[in-house]
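Trainee: I'm new to this one. Could you walk me through how to read it?

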Amino acid sequence: MTPTAAPDGTPDEQPAAGLRVDAERNRDRILAAARRLFATEGLSVSMAAVAREAGVGKATLSRRFATRDELVDAVFADRMDGYAAAVATALADPDPWHGFTGYVYCVCAMQAADRGFADVLTMTFPAAKALEKRRADAYHDFLELIARAKDTGYLREDFTDRDMPILLMANAGVVNAAGDAAPDAWQRLVAHMLRSYATPDAPMPPMPDAPAPTALYRAMVRLTRAVPA
């Protein structure tokens with residue numbers, strides 16, 4: 001059966017194709033809006049706020065992403081790929097200790113660059129299957145990285161894989177608290193934590209400068225204003 005022509009001479013499948021284009025355009029707008037809001041405000045942003053930022057209705061948002069987990073999965077797919085690639089790069093380093101310290105800095109820098117991703121690395125999203133699979137893959141590679149770093153004699157034997165989530169939670173707290181008032185404060189935290197993981201003779205990268213007193217004061221003022229009255 002051949003398609004009938006619409007009054008303008010186009011086949012009658014065109015409206016359906018147009019709907020698909022509109023649906024894809026709305027999806028792209030939602031993802032772009034969610035990336036912006038998550039990056040600046042973290043994952044506490046409501047789905048309604050995402051819909052407003054994207055310029056779509058709540059019904060349109062829920063048709064594209066039925067749950068927050070689905071939206072998080074789509075928004076952070078590329079960042080989780082980068083997270084997994086970071087540990088693969090560390091494993092490829094011929095110096096396992098250098099690979100380990102580089103990995104820790106890299107992941108913490110990824111947190112600092114995106115408040116939403118800072119939250120993602122310290123939370124679980126059971127319905128976000130792709131994201132959680134990438135996290136699991138990275139975790140197994142990290143176990144191997146720990147073992148190799150310990151073999152160098154530079155990583156303390158009592159360091160465990162559970163210390164990394166603790167560091168990420170602490171780093172997320174510093175990133176969110178300092179904001180743009182002291183944006184490099186996380187580097188000082190990570191440097192101190194790496195020294196606590198290292199044996200006394202481990203080679204360490206230079207200690208970053210502490211934030212200026214005025215920067216820390218601005219960060220503390222920012223925190224005070226964020227506390228509900």
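Trainee: How many of the residues of the chain count as buried?

Mentor: First, keep in mind that this is a predicted model. A residue counts as buried when its relative accessible area is under 20%. Here the chain has 229 residues, and 38% of them pass that test.

Trainee: And what about the accessible surface of the chain?

Mentor: You look at its total and at the atoms it belongs to. For this chain the total is about 12,500 Å², with 59% of that on carbon and sulfur atoms.

Trainee: What share of the contacts joins residues at least 24 apart?

Mentor: Leave aside pairs that are close in sequence and take contacts between residues at least 6 apart; 67% of these join residues at least 24 apart.

Trainee: Let's zoom in on a helix pair. At what angle do the axes of H5 and H6 cross?

Mentor: Angles over 145 degrees count as roughly antiparallel. The axes of H5 (residues 77–92) and H6 (residues 96–113) cross at roughly 165° and come within 8 Å. So H5 is roughly antiparallel to H6. The crossing is right-handed.

Trainee: Which residues meet there?

Mentor: From H5 come Arg79, Gly82, Tyr83, Ala86, Val87 and Ala90, and they meet Gly99, Tyr103, Cys106, Val107 and Met110 of H6. Sorted by type, the residues of this contact are eight nonpolar, two polar and one charged.

Key. Residues are numbered from 1 along each chain as its sequence is written. This is a predicted model: local features need pLDDT of at least 70, side-chain atom pairs count only at pLDDT 80 or more; totals for chains, interfaces and linings use all residues. Side-chain values use heavy atoms; hydrogens and water are left out. Buried means under 20% relative accessible area, exposed over 50%, partly exposed in between (1.4 Å probe, protein chains only). Contact means heavy atoms within 4.5 Å. Accessible areas come from the Shrake-Rupley method with a 1.4 Å probe; for residues, only the protein chains shown count as cover. Axes are lines fitted to C-alpha atoms, for helices over the stretch in contact, and angles run from 0 to 180 degrees between N-to-C directions. Helices (H or I, at least four residues) and strands (E, at least two) are DSSP runs, numbered from the N terminus. Angles under 35 degrees count as roughly parallel, over 145 as roughly antiparallel, 65 to 115 as roughly perpendicular and the rest as oblique. A crossing is left-handed if the near helix is turned anticlockwise from the far one by less than a right angle, and right-handed if clockwise. Ala, Val, Leu, Ile, Met, Phe, Trp, Tyr, Cys and Pro count as nonpolar, Asp, Glu, Lys and Arg as charged, and the others, Gly among them, as polar.
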